Amino acid sequence: MIVDDEPAARYGLRRALESQYRVAEAESAEAAREALPREKPDLVLLDVIMPGQDGISFLRWMREQGSEVPVLMVSALDTAKTAVEALQLGAADYLVKGFELEELRQRVANLLKLATLEKENESLRRRLTTEGHFGQMLGRGAEMRRAFEIADRVAPTDSTVLILGESGTGKDLLAQEIHARSPRAGKPFVAVNCAALPETLIESELFGYERGAFTGATQQKKGKFELASGGTLFLDEIGDMNPVTQAKVLRALESRTIERLGGTQSIPVDVRVISATHRDLPAEIRAGKFREDLFYRLRVVAIDLPPLRAHKEDISVLAEAFLQMHGSRLGRTARLSREAMAGIERYDWPGNVRELKNALERSLVLCNGDEIGVADLPLEVASGEPIAHKASHNGADAGLSEKDFREAKHKFEVAYLTKQLVSHRWNVSRTAATIGLHRQSLQEKLRELGIRRPGREPVEESES
C-alpha cells in the first residue's frame, strides 16, 4: 500500500512496482486507516509529510494498534532526526526521494522477504508451542501446553503477567521467554528476587536513591525500575514483598512513575512487569499480608506452571534434554538405563524440574561408562522417598504432625535452617548464598527464630 498525498508520487511508485505486486493507494493517513483492514497489505510505503496526520504520527498509530506490518518510510526530508524517529517507532526502512527505481524495487523485495521469514518463524514457534516447546522449556502434558499457549499469546502485548507455580517449575525461564517474544526483546530484562533482599534494601533496589538519602548513600543510584525502562522488570517471589513496598510498586504501576529514595522528582518509567510467586496469594490477602489491589493489578494475565509430579509424562523428554546439555558442557555422554528411567519416573520430584536437572548432572558426573544406573541416582530418587519424608520417619518431622499452621511453619523453618547451617559448618554467608537469601535476611530470620550454634551466642556473622 502506497500512502502519499501527491498523485504524481503515487503514480511513479505504482508504475515501478505493479508488474510484480498488487498495489493499493491511499491519499492520506485517514484514508489509509480505512483501507488497512480491507487491503491487508504485506508492506506499507509511507510518506512523511502529508496534510492532516503526518507519516510519523500514522506510523505511531499503527504500532499502538498492534499492527506489525513492515513500513518503508519515503520522504523528501534527508534528516537524520526524522529517520531515527521513524526507525525508533518501528519503521523497517527509510528511503529519501530522488532514489533510483531499482533501489526502490530492491528495498521492497528485501522487506517482503524478511516479512515472509518472520511469518514462517512465527508459524514454526506456534507449532512448537502446541507440540510442547517454549524457548528452553519443554512440556507435552496438557497443562504445560496450555501454559505455553497463554504465554505465547500474551508475549506480544504489554499486559502484566503473574506466573504461579512451585519452586523449581521454571517461572524465571517462562518470564525470560515472554520477554524474548515481545516487542521489548532488544531492551533490558531486569530480574529482582524479592525473597532474597531484606526489607531494608528492597525499596532502594527497586526505586534507587539520591545521594545523602541515608547513611552510606555517597552517590546517586538508579533502581531496577529505571534500569528496566523500555524493557521488562521481572519481580520474582513477589509474595515475599513487604506491605510498604507493595504500596509503592502499585503506585509505580498505576502512574508509570517512580521517586528515588530521598528524592522529590517523579521519574517516568516505561516497563512491562512480569511477576512470579510460589505462594497462595489469595490466602496471603486473607491473612492481611498481600494487597488485594496489587494482586489484581499484577494478575492481568495469570499463568499456572504445574509441578513436575503433575506431568510425569514429560520426565523422559526432559531427562534426555538435560543429559545432552550437561554432556556437551562436561564433555561426556551417558544414557539412563531402563531401571534408572523407571526410578526417576516414579519419584515425585518435590524440587520439580530444577531438582531433576541437578540430579541428572550429579548422576552423569558419578556414573562409570556410558550408562547411568539406579546406583548412580541420588539416594532419595533411587529409594523414591524425598529427604523431607526421611526426616519425618527419623522422628524429626519438621512440624508435619502439627495441626496449627503457624507452629508447623515455625518448626519447619527451624529444622530447615539448622540443617543448612550444619551442612555449611555454621557459615552464614555460604548458607545464605546456597539457599537464595541475602545474608542480612538470613541473620534477621535466625534472630527471629532464636537459632544459635550449640554452645555459642546467637549467630551474628559467618564463621570460617
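Leaving aside neighbours within four places in sequence, I find E226 in contact with F207, I258, R260, I267 and V269. I am working on a predicted model. I place E226 in helix α9, residues 224-227. Is E226 buried or exposed? E226 counts as buried, because its relative accessibility is 13% and the cut-off for buried is under 20%. Its side chain makes a polar contact with the side chain of R260, at 2.8 Å.

Next I looked up R260. R260 is buried too, at 10% relative accessibility. Which residue forms a salt bridge with R260? I found E210, with the closest N and O atoms 2.9 Å apart. E210 lies in the loop between β10 and β11, and R260 in the loop between β13 and β14, so the pair ties together parts 50 residues apart in sequence.

Then I searched the whole structure and got 31 salt bridges. One of them joins R329 and E361, at 2.7 Å from N to O. R329 sits in helix α13 and E361 in helix α15, 32 residues apart. R329 is exposed, at 52%; E361 is partly exposed, at 24%. I also noted one network of salt bridges with shared partners, made of R10, R14, R15, E18 and E25.

Last, I checked the second largest pocket. Its volume is about 1700 Å³. I listed 40 lining residues; the closest to the centre are R63, S67, E68, S182 and P183. Helix α5 gives the largest share of the lining, 8 residues. By class, I noted 14 nonpolar, 8 polar and 18 charged residues in the lining.

Notes. Residues are numbered from 1 along each chain as its sequence is written. This is a predicted model: local features need pLDDT of at least 70, side-chain atom pairs count only at pLDDT 80 or more; totals for chains, interfaces and linings use all residues. Side-chain values use heavy atoms; hydrogens and water are left out. On a 1 Å grid over the protein atoms alone, a cavity is a set of points where a 1.4 Å probe fits but cannot get out, and a pocket is an open set with protein on both sides within 12 Å along at least five of seven lines; lining residues have an atom within 4 Å of a point. Grid points are joined across faces, edges and corners, and a volume is the space filled by probe spheres set on the points. Helices (H or I, at least four residues) and strands (E, at least two) are DSSP runs, numbered from the N terminus. Ala, Val, Leu, Ile, Met, Phe, Trp, Tyr, Cys and Pro count as nonpolar, Asp, Glu, Lys and Arg as charged, and the others, Gly among them, as polar. Buried means under 20% relative accessible area, exposed over 50%, partly exposed in between (1.4 Å probe, protein chains only). A polar contact is a pair of N or O atoms within 3.5 Å; within protein, one must be able to donate a hydrogen and the other to accept it, and residues adjacent in sequence count only if both atoms are side-chain atoms. Contact means heavy atoms within 4.5 Å. A salt bridge is a side-chain nitrogen of Lys or Arg within 4 Å of a carboxyl oxygen of Asp or Glu.
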